[in-house]
Amino acid sequence: MPDRPNGAPEREGRLVILGVAASDSHAVANHLIAHGLRADGFTVVNLGTCTPVAEFADACARHPQAEAVLIGSLNGQIHEDLHDLAEAKRSGRIPCPVLVGGNLSVGSAKDAASTERLYALGVDQVLSAAADLVPVLDALHAGADGATGRIPVATRR
(Lines give C-alpha, C1' and ligand atoms only; values in the text may rest on other atoms or scores of the structure.)
Protein backbone atom coordinates (compact mmCIF):
# COMPACT_ATOMS: atom_id res chain seq x y z
CA MET A 1 0.00 0.00 0.00
CA PRO A 2 1.53 3.37 -0.96
CA ASP A 3 2.35 5.83 1.78
CA ARG A 4 1.40 9.48 1.96
CA PRO A 5 4.15 12.02 2.61
CA ASN A 6 3.45 12.07 6.36
CA GLY A 7 4.01 8.32 6.54
CA ALA A 8 0.33 7.41 6.90
CA PRO A 9 -1.00 4.71 4.53
CA GLU A 10 -2.99 5.93 1.54
CA ARG A 11 -6.69 5.38 2.23
CA GLU A 12 -8.33 7.31 -0.62
CA GLY A 13 -11.36 5.44 -1.90
CA ARG A 14 -11.65 3.20 1.17
CA LEU A 15 -15.21 3.31 2.47
CA VAL A 16 -16.65 2.15 5.78
CA ILE A 17 -20.21 2.09 7.08
CA LEU A 18 -20.58 3.40 10.63
CA GLY A 19 -23.48 3.45 13.03
CA VAL A 20 -24.66 2.94 16.57
CA ALA A 21 -26.60 -0.20 17.56
CA ALA A 22 -30.39 -0.22 17.32
CA SER A 23 -31.30 0.51 20.94
CA ASP A 24 -28.54 3.06 21.50
CA SER A 25 -28.90 6.82 21.03
CA HIS A 26 -25.37 7.83 22.08
CA ALA A 27 -24.16 10.12 19.28
CA VAL A 28 -20.99 11.85 20.50
CA ALA A 29 -18.59 8.89 20.15
CA ASN A 30 -20.12 8.09 16.77
CA HIS A 31 -19.38 11.58 15.47
CA LEU A 32 -15.87 11.59 16.93
CA ILE A 33 -15.08 8.25 15.30
CA ALA A 34 -16.49 9.43 11.96
CA HIS A 35 -14.42 12.61 12.18
CA GLY A 36 -11.26 10.67 13.03
CA LEU A 37 -11.77 8.18 10.21
CA ARG A 38 -12.31 10.98 7.71
CA ALA A 39 -9.16 12.70 8.96
CA ASP A 40 -7.34 9.41 8.35
CA GLY A 41 -8.54 9.40 4.73
CA PHE A 42 -11.57 7.09 4.88
CA THR A 43 -14.91 7.80 3.29
CA VAL A 44 -17.49 7.29 6.03
CA VAL A 45 -21.16 6.54 5.49
CA ASN A 46 -22.50 7.44 8.93
CA LEU A 47 -25.93 5.98 9.64
CA GLY A 48 -26.06 7.63 13.06
CA THR A 49 -27.75 6.29 16.16
CA CYS A 50 -30.42 3.66 16.72
CA THR A 51 -29.46 1.73 13.58
CA PRO A 52 -30.93 -1.77 13.18
CA VAL A 53 -29.04 -4.51 11.35
CA ALA A 54 -31.39 -4.16 8.36
CA GLU A 55 -30.23 -0.55 7.85
CA PHE A 56 -26.58 -1.64 7.90
CA ALA A 57 -27.49 -4.29 5.29
CA ASP A 58 -29.29 -1.70 3.14
CA ALA A 59 -26.21 0.55 3.33
CA CYS A 60 -24.05 -2.38 2.18
CA ALA A 61 -26.33 -2.78 -0.85
CA ARG A 62 -25.97 0.94 -1.66
CA HIS A 63 -22.20 0.84 -1.08
CA PRO A 64 -20.92 -2.57 -2.23
CA GLN A 65 -17.33 -1.28 -2.05
CA ALA A 66 -17.59 -0.94 1.76
CA GLU A 67 -14.69 -2.70 3.41
CA ALA A 68 -16.29 -2.93 6.86
CA VAL A 69 -19.38 -2.22 8.92
CA LEU A 70 -18.52 -0.50 12.21
CA ILE A 71 -21.08 -0.70 15.00
CA GLY A 72 -20.73 1.10 18.30
CA SER A 73 -22.71 0.72 21.48
CA LEU A 74 -22.49 2.45 24.82
CA ASN A 75 -25.65 1.21 26.51
CA GLY A 76 -24.47 -2.41 26.81
CA GLN A 77 -27.38 -3.89 24.85
CA ILE A 78 -25.51 -4.80 21.66
CA HIS A 79 -26.12 -8.54 22.04
CA GLU A 80 -29.86 -8.02 21.69
CA ASP A 81 -29.41 -5.40 18.96
CA LEU A 82 -27.41 -7.80 16.77
CA HIS A 83 -29.75 -10.80 17.07
CA ASP A 84 -30.31 -10.86 13.28
CA LEU A 85 -26.71 -10.15 12.21
CA ALA A 86 -25.83 -13.79 11.55
CA GLU A 87 -28.71 -14.12 9.08
CA ALA A 88 -27.79 -10.85 7.34
CA LYS A 89 -24.24 -12.13 6.88
CA ARG A 90 -25.32 -15.66 5.90
CA SER A 91 -27.67 -14.26 3.23
CA GLY A 92 -24.94 -12.00 1.86
CA ARG A 93 -26.74 -8.78 2.79
CA ILE A 94 -23.70 -7.81 4.88
CA PRO A 95 -20.76 -9.21 2.88
CA CYS A 96 -17.93 -7.35 4.61
CA PRO A 97 -16.41 -7.72 8.09
CA VAL A 98 -18.39 -6.36 11.04
CA LEU A 99 -16.40 -4.64 13.79
CA VAL A 100 -17.94 -3.59 17.11
CA GLY A 101 -16.71 -1.50 19.98
CA GLY A 102 -17.79 0.53 22.96
CA ASN A 103 -19.43 -0.58 26.18
CA LEU A 104 -20.57 -4.00 25.03
CA SER A 105 -22.22 -5.39 28.15
CA VAL A 106 -24.26 -4.13 31.06
CA GLY A 107 -22.36 -3.53 34.28
CA SER A 108 -18.73 -2.92 35.01
CA ALA A 109 -17.60 -6.57 34.92
CA LYS A 110 -16.57 -7.62 31.39
CA ASP A 111 -15.87 -11.23 30.55
CA ALA A 112 -14.66 -13.32 27.64
CA ALA A 113 -18.05 -15.01 27.34
CA SER A 114 -19.60 -11.69 26.32
CA THR A 115 -17.07 -11.31 23.51
CA GLU A 116 -17.55 -14.90 22.37
CA ARG A 117 -21.33 -14.32 22.23
CA LEU A 118 -20.68 -11.42 19.85
CA TYR A 119 -18.55 -13.62 17.61
CA ALA A 120 -21.34 -16.23 17.67
CA LEU A 121 -23.76 -13.52 16.49
CA GLY A 122 -21.58 -12.88 13.41
CA VAL A 123 -19.25 -10.13 14.59
CA ASP A 124 -15.81 -10.45 13.01
CA GLN A 125 -13.81 -8.22 15.36
CA VAL A 126 -14.44 -6.83 18.84
CA LEU A 127 -12.38 -3.74 19.61
CA SER A 128 -11.52 -2.76 23.14
CA ALA A 129 -10.24 0.72 22.25
CA ALA A 130 -11.03 3.25 19.54
CA ALA A 131 -7.28 3.52 18.83
CA ASP A 132 -7.38 -0.07 17.52
CA LEU A 133 -9.89 0.75 14.76
CA VAL A 134 -7.63 2.12 12.01
CA PRO A 135 -4.85 -0.47 12.51
CA VAL A 136 -7.44 -3.27 12.31
CA LEU A 137 -9.01 -1.75 9.18
CA ASP A 138 -5.56 -1.45 7.59
CA ALA A 139 -4.72 -5.06 8.51
CA LEU A 140 -8.02 -6.32 7.07
CA HIS A 141 -7.44 -4.25 3.93
CA ALA A 142 -3.97 -5.76 3.55
CA GLY A 143 -5.49 -9.25 3.80
CA ALA A 144 -4.12 -10.11 7.23
CA ASP A 145 -7.24 -11.85 8.42
CA GLY A 146 -5.66 -15.12 9.56
CA ALA A 147 -7.50 -18.35 10.24
CA THR A 148 -10.17 -16.81 12.46
CA GLY A 149 -10.77 -13.66 10.45
CA ARG A 150 -9.83 -11.68 13.56
CA ILE A 151 -6.89 -9.34 13.84
CA PRO A 152 -5.00 -9.51 17.12
CA VAL A 153 -5.13 -6.19 18.93
CA ALA A 154 -3.10 -5.07 21.89
CA THR A 155 -4.75 -5.59 25.23
CA ARG A 156 -5.48 -2.27 26.90
CA ARG A 157 -5.12 -1.87 30.64
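Helices (H or I, at least four residues) and strands (E, at least two) are DSSP runs, numbered from the N terminus. Ser73 sits in one of these runs, strand β3.

This is a predicted model, in which local features need pLDDT of at least 70, side-chain atom pairs count only at pLDDT 80 or more, and totals for chains, interfaces and linings use all residues. Residues are numbered from 1 along each chain as its sequence is written, and side-chain values use heavy atoms, with hydrogens and water left out.

## The chain as a whole

The protein chain has six helices and five strands. Along the sequence they run β-α-β-α-β-α-α-β-α-β-α. Of the 157 residues, 42% are buried. Buried means under 20% relative accessible area, exposed means over 50%, and partly exposed lies in between (1.4 Å probe, protein chains only).

A contact means heavy atoms within 4.5 Å. Take the contacts between residues at least 6 apart in sequence: 75% of them join residues at least 24 apart.

The table gives the relative accessibility of some residues discussed here.

| Residue | Relative accessibility | Class |
|---|---|---|
| Val20 | 4% | buried |
| Leu37 | 2% | buried |
| Cys50 | 37% | partly exposed |
| Cys60 | 4% | buried |
| Ser73 | 2% | buried |

Start with Ser73. Which residue does its side chain meet in a polar contact? The partner is Asp24, and the two side chains are joined at 3.4 Å. A polar contact is a pair of N or O atoms within 3.5 Å; within protein, one must be able to donate a hydrogen and the other to accept it, and residues adjacent in sequence count only if both atoms are side-chain atoms. Beyond its neighbours within four places in sequence, Ser73 is also in contact with other residues, including Ala21, Ile78, Gly101 and Leu104.

Val20 belongs to strand β1. Its C-alpha is 9.7 Å from that of Gly101, although 81 residues separate Val20 and Gly101 in sequence. Leaving aside neighbours within four places, the contacts of Val20 include His26, Asn30, Cys50, Phe56 and Ile71.

Leu37 is part of helix α1. Its C-alpha lies 8.9 Å from that of Val16, 21 residues away along the chain. Not counting residues up to four places away, Leu37 touches Val16, Phe42, Val44, Leu70, Leu133, Val134 and Leu137.

## The cysteines

Cys50 lies in the loop between β2 (43-46) and α2 (53-62). Its phi is positive, about 50°, although Cys50 is not a glycine.

How many disulfides are there? The count is zero. A disulfide is a pair of cysteine sulfur atoms within 2.5 Å. Cys60 is in no disulfide: the nearest cysteine sulfur, that of Cys96, is 4.2 Å away.

## Helix α6

Is helix α6 mostly covered or mostly uncovered? Helix α6 (residues 133-141) is mostly covered, with seven of its nine residues buried. They are Leu133, Val134, Val136, Leu137, Asp138, Ala139 and Leu140. An α-helix has 3.6 residues a turn, so residues three or four places apart point the same way.

What do the buried residues of α6 pack against? Their partners are β1 (15-20), α1 (28-39), β3 (68-73), β4 (98-102) and β5 (125-127). After α6 comes Gly143, with a positive phi near 85°.

## The largest pocket

Rolling a probe the size of a water molecule over the atoms shows where empty space is left. On a 1 Å grid over the protein atoms alone, a pocket is an open set of points where a 1.4 Å probe fits, with protein on both sides within 12 Å along at least five of seven lines; lining residues have an atom within 4 Å of a point. Grid points are joined across faces, edges and corners, and a volume is the space filled by probe spheres set on the points.

The largest pocket holds about 430 Å³ of space. Its lining has 25 residues, and Ile33, Gly101, Gly102, Ala130 and Leu133 lie nearest its centre. β1, α1, β3, β4 and α6 each supply at least two lining residues. Which element gives the largest share of the lining? That is α1, with five residues.

By class, the lining has 15 nonpolar, nine polar and one charged residues. Here Ala, Val, Leu, Ile, Met, Phe, Trp, Tyr, Cys and Pro count as nonpolar, Asp, Glu, Lys and Arg as charged, and the others, Gly among them, as polar.
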